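Hi everyone, thanks for coming. Let me put the structure on the screen, and then we can walk through a few spots together.

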Amino acid sequence: MLRLENVSKVYGRGGQTVVALQPTTLHLAAGEYVAVVGPSGSGKSTLLTVLGGMLAPTTGQVFFGGQSLYDLALAKRAALRGKQVGFVFQTFNLISYLSALENVQMPLFLAGLSPRVQRERALAVLDRVGLADRIHHKPSELSVGQQQRVALARTLANDPALILADEPTGNLDPRTREQVLDLFDQFHAEGRTIITVTHDPQAARRANRILCLEAGTVTEFRDPARVMHVA
Amino acid sequence: MRLWTLIRKELFERPVPMLTCLVAIVLGVTALVAIRTVTYFSELAVAREMDALGANVLILPKGVTVQDYYAADLHGEKLPEEYVQRVALSKLQGVDNLSPKLCVPTTLNGRPVTLTGILPKSEFQAKVAWGGAGIFSHPIGCGTQAGLPTTPPDPKTLARKRVIETLGPREALVGSDVAQQHAIAQGDSIELLGDRFTVLAILPATGTIDDSRIFAHLHAVQELSGQGEVVNVIEIVGCCKQIAAGLVNGLNQLLPEARIITITQVVQTQQNVNRLMERLSLVFLAVLLAVGGAAMFSTLYGNVSERKKEIGTLMALGATPTLVLGLIVGKALVLGTAGGILGFALGSVSAWWLGPLLANVAVQPLPWLGALALGLAVTVTFLASLIPAWRAARLDPCVCFKEV
């Protein structure tokens, strides 16, 4: 599904260069559940945004289903992101002035669907995450766990093949974290590819492949028993 | 969910910056509309007064100077009557009426009197060629408009308008002082230059030299005095706006051998008032541009900074830079439209209240000014939104990720 060929990212700040991602070649197959672990500042978010088609690498190419992602025009890349990629954020990133229903409608609106179809599909995914009775609530009127479930519903709205999650359980209590991880398992079971950046060893252990990022270098993690230590 | 829904909900999410911005735009538009409305109706009122004054441009022989506007024809020097035709056939804008005059000293019942030959308006209209020149057919917003239904011509209007509609070859109009001295009444027959004239009307007193004059047809006066086709003065009723816009220059070029004089002070006053009002309008336009634009710019710039994460999230969800641009510009256009409409309404009400107080004129809303105000408000807000919108569209979507 995703192929990185000699991809690196270098930032220039204050006349200095910071290597966020060393030249990396990586293949992520369709249907994989991948956890990316590593210390803060190791380049995990950079990797996630590069994979999501939001940050052009300094060198190399990123292929999404055989298509070179960054050779696409900006609008086409945005459209592809809207239809095939779902993002989950640590702080949920729900739009504060929109209701749960409208938040879930957002990716559908951006994909150009009619308001009627937007509403139907948004209601269906909100029902799936157990929030059918909270559709008119604004994020501030929902609990943290409910907010993350609205965010997950928004991620699912366009039925994406790839889910990119940035610390999806970082702000959750243990019970809600379990609920969210269960949902991730379900998404994976449906054949979606999941790449999650996490500090949470238990969340990482749910993945069937673990990548470790240290100082911008990606390595395959072969010893799950050490995940606790690295994460 | 539509773009409009997103814009509307976001506007009400942050009402304070929105209202501040809106108030700035509304105040700018209000000031502009109010001052322009009052100016417009004030200009109309002055133009009407100028029109009511009658002739306001004099064509005189080169060597003549004018001390008394009403005695401008009493100098004995002459101009060819052909000048009248030259003006009539020209394409000069703003000549609303022409009145050539020839003054001849004569006696009535043994007492000296000034007989003034005038050319009635019907003489101009009767000439096809002159009519073709369209001199009296420009409906230019002041003076008499030929072809329009009017009240029946009254010979006494000569006293005020210094123009008469019709006058027969042996008809005369008698000034009030002369009529009183000689006990002349309307319909009487009087002898002038050895010929009989019927008194068409006794002119009302004006307090000017005209009260001691007798007026007859120009061609009759020319014929009986043996002076030929000459006149002493050509009075012109000119629209004050066109006088200010260059009518006098046009006449100077057309008749270089003659001297063109305007009622300078009056025209100058009008020009000064108009100029002042125009400058005030420009000042308020600048205020609108500066205050409204700056308020909009700073509000949107701050708004984009505040919404970085939201915009980044929208981009992650598939929003294109064009959509993000539309989101910010759309918000500005909504505020600009609302500010334009509210400002026009408030400005019109202010003008309605201030017009009688400041300029002694009654005013009413001007729809074209509404369109102008709306256009300006929308343009200003649109321009002010471009940089913030561009900044938003170029935002790095990584801002939506928390660094881990």
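A quick definition before we start: a helix here is a DSSP run of H or I, at least four residues long, and helices are numbered from the N terminus. Please keep in mind that this is a predicted model.

With that, on to chain B. Val349(B) sits in helix H12, which covers residues 321-359. Together with Trp352(B), Trp353(B), Leu357(B) and Leu358(B), Val349(B) makes a nonpolar surface patch of about 660 Å².

Now for a residue in a strand of chain B. Leu115(B) belongs to strand S4, residues 111-118. Is Leu115(B) buried or exposed? Leu115(B) has a relative accessible area of 0%, so it counts as buried. Along the sequence, 102 residues separate Leu115(B) from His217(B), yet their C-alpha atoms are 9.9 Å apart in space.

Let's move over to chain A and helix H6, residues 174-189. Which residues of H6(A) are buried? They are Thr176(A), Arg177(A), Val180(A), Leu181(A), Leu183(A), Phe184(A) and Phe187(A). Looking down the axis of H6(A), these buried residues fall within an arc of 155°, so they line one face of the helix. Pro174(A), Arg175(A) and Ala189(A), on the other side of H6(A), are exposed.

Finally, the two ends. At the start of H6(A), a side-chain oxygen of Asp173(A) comes to within 3.1 Å of the backbone nitrogen of Arg175(A). After H6(A) comes Gly191(A), with a positive phi near 100°.

Thanks, and I'm happy to chat!

Note on methods. Residues numbered from 1 in each chain as written. Chains lettered and ligands numbered in written order. Predicted model: local features only at pLDDT ≥ 70, side-chain atom pairs only at ≥ 80, totals over all residues. Heavy atoms only, no water. Buried < 20%, exposed > 50% of the residue type's maximum accessible area, 1.4 Å probe, protein only. Helix = DSSP H or I, 4+ residues; strand = E, 2+ residues; numbered from the N terminus. Arc of directions from axis to C-beta. Polar contact = N/O pair within 3.5 Å; in protein donor to acceptor, adjacent residues only side chain to side chain. Patch = residues over 30% accessible without salt bridge, like charges linked within 9 Å, V, L, I, M, F, W, Y side chains within 5 Å. Areas by Shrake-Rupley, 256 points an atom, 1.4 Å probe, with all protein chains shown as cover. Salt bridge = Lys/Arg side-chain N within 4 Å of Asp/Glu carboxyl O.
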